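Please read the explanation below alongside the sequence and the model.

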Amino acid sequence: MALKTTPFDAAEYLDTPEAQAEFITAALETGDAAFIRDSVNTVARARGMSEIARSTGLSREGLYKALGETGNPEFSTMLGVLRALGLGLTARPLSRKSGKPRRSAKPRTRKAA
């Protein structure tokens, strides 16, 4: 007897803004652009692609195309989608695996002529 399976869709389980933010944060931490795009797509589907498209000013089809498997959305599109999702980007220092101390950025000074 064959094992019967059903497709898994993470969008069905991302039912709170907190879970959605954690999902995208985890994707951002990988640094993998395709994975980040896919994660934003999943959260947009969880919220409702039509609503997100309306909020960003994009067509629903255009949003599906930009966030789809072969999509390569512009940074401004990603920022717009994140804003429509009620999310924003933040930056933090990356931890270094090599153990070498970081050099702090020195302000540039000009010498008087």
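How do the residues of the lining of the second largest pocket divide into nonpolar, polar and charged? They divide into nine nonpolar, two polar and two charged, where Ala, Val, Leu, Ile, Met, Phe, Trp, Tyr, Cys and Pro count as nonpolar, Asp, Glu, Lys and Arg as charged, and the others, Gly among them, as polar. The structure is a predicted model, in which local features need pLDDT of at least 70, side-chain atom pairs count only at pLDDT 80 or more, and totals for chains, interfaces and linings use all residues. Residues are numbered from 1 along each chain as its sequence is written, and side-chain values use heavy atoms, with hydrogens and water left out.

Helix 2 supplies the largest share of that lining, four residues (helices are DSSP runs of H or I, at least four residues, numbered from the N terminus).

Helix 2 (33-47) is also a partner of helix 3: the buried residues of helix 3 pack against helix 2, helix 4 (60-67) and helix 5 (75-84), with contact meaning heavy atoms within 4.5 Å. In helix 3 (residues 49-56), the buried residues are Met49, Ile52 and Ala53 (buried means under 20% relative accessible area, exposed over 50%, partly exposed in between, with a 1.4 Å probe and protein chains only). Because they cover an arc of only 100 degrees around the axis, they lie on the same side of helix 3; the arc is that of the directions from the helix axis to the C-beta atoms. The face turned away from the buried side of helix 3 carries the exposed residues Arg54 and Ser55. Just after helix 3, Gly57 has a positive phi of about 85 degrees.

Note on methods
Helices (H or I, at least four residues) and strands (E, at least two) are DSSP runs, numbered from the N terminus.
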